[in-house]
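Colleague: I am new to this one. Can you take me through it and back each term with its value?

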Amino acid sequence: MFDITSLQADASGNIVSIGWTYTNNGGSRSGSVKLPESYGPVPASQTTKAYLIAWVEDILPEGTSEALDAQIEKDLAAAALDVHDVPVPD
């Protein structure tokens, strides 16, 4: 599930980039996307979180959610390894 963490605006108050976090049961990943010019000048005061999330999902490449799920799963598997300190050889 995506959530919006930050907005960056130009001097006119129009959104230029959106910070996001993707979270599933195993963890989260964060990033940001630049708002393409095709979205037009969008004042931050004239949008909602739901629109921003839809824009992030639309802007990110297809399959991003699945790729993030896979990366979180990989990180969980690595964290579950039985790792411990060993003496450094002379």
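Modeller: Start with Ser-17. The model is predicted. Leaving out residues up to four places away in sequence, Ser-17 touches Ser-6, Leu-7, Gln-8, Val-33, Lys-34 and Leu-35.

Colleague: What makes these touches count as contacts?

Modeller: Contact means heavy atoms within 4.5 Å. The residues listed for Ser-17, among them Ser-6 and Val-33, meet that cut-off.

Colleague: Where is Ser-17 found, and why is Ser-17 called buried?

Modeller: Ser-17 is found in strand S2. Its relative accessible area is 16%. Buried means under 20%. So Ser-17 is buried.

Colleague: What makes the link between Ser-17 and Gln-8 a polar contact?

Modeller: Their side chains are joined at 2.3 Å. The cut-off for a pair of N or O atoms is 3.5 Å. The value of 2.3 Å falls within it, so the term applies.

Colleague: Why is strand S2 called largely enclosed?

Modeller: Count its residues. Of the 10 in S2, 7 are buried, so the rest of the structure largely encloses S2.

Colleague: How do you know that S1 and S2 pair?

Modeller: At least two bridges are needed. S1 and S2 have 7, in the antiparallel sense. So they pair. Ala-9 stands opposite Ile-15 in S2. The hairpin of S1 and S2 has 5 residues between the strands, and Gly-13 there takes a positive phi near 85°.

Colleague: What makes S2 and S3 a pair?

Modeller: The test again is at least two bridges. S2 and S3 have 8, also antiparallel. So they pass. Tyr-22 stands opposite Arg-29 in S3. These two strands form a hairpin with 2 residues between them.

Colleague: Now the helix. Which residues of H1 are buried, and how do you know that they line one face?

Modeller: Helix H1 covers residues 49-59, and its buried residues are Leu-52, Ile-53, Trp-55 and Val-56. Seen down the axis of H1, they fall within an arc of 160°, so they line one face of the helix. An α-helix has 3.6 residues a turn, so residues three or four places apart point the same way.

Colleague: What does the face turned away from the buried side carry, and what covers the buried residues?

Modeller: The face turned away carries the exposed residues Ala-50, Tyr-51 and Asp-58. The cover over the buried residues of H1 includes strands S1 (2-9), S2 (15-24) and S3 (27-34).

Colleague: Why is Leu-52 called buried?

Modeller: Leu-52 has a relative accessible area of 5%. The cut-off is under 20%. So Leu-52 is buried. Not counting residues up to four places away in sequence, Leu-52 touches Ile-4, Leu-7, Ile-15, Ile-18 and Thr-47.

Colleague: And the whole chain? In what order do its elements run, and why is the chain called more spread out than a compact globule?

Modeller: There are 2 helices and 3 strands. From the N terminus on, they run β-β-β-α-α. The radius of gyration is 18 Å, while the globule rule gives 12 Å for 90 residues. The value is well over the rule, so the chain is more spread out than a compact globule. Its C-alpha atoms fill a box of roughly 60 × 30 × 20 Å along the principal axes.

Colleague: How much of the chain is buried?

Modeller: Buried residues make up 24% of the 90. The accessible surface comes to about 6,400 Å², with 55% of it belonging to carbon and sulfur atoms.

Note on methods. Residues are numbered from 1 along each chain as its sequence is written. This is a predicted model: local features need pLDDT of at least 70, side-chain atom pairs count only at pLDDT 80 or more; totals for chains, interfaces and linings use all residues. Side-chain values use heavy atoms; hydrogens and water are left out. Buried means under 20% relative accessible area, exposed over 50%, partly exposed in between (1.4 Å probe, protein chains only). Helices (H or I, at least four residues) and strands (E, at least two) are DSSP runs, numbered from the N terminus. The arc is that of the directions from the helix axis to the C-beta atoms. A polar contact is a pair of N or O atoms within 3.5 Å; within protein, one must be able to donate a hydrogen and the other to accept it, and residues adjacent in sequence count only if both atoms are side-chain atoms. The radius of gyration is taken over C-alpha atoms; the globule rule is 2.2 Å times the number of residues to the power 0.38. Accessible areas come from the Shrake-Rupley method with a 1.4 Å probe; for residues, only the protein chains shown count as cover.
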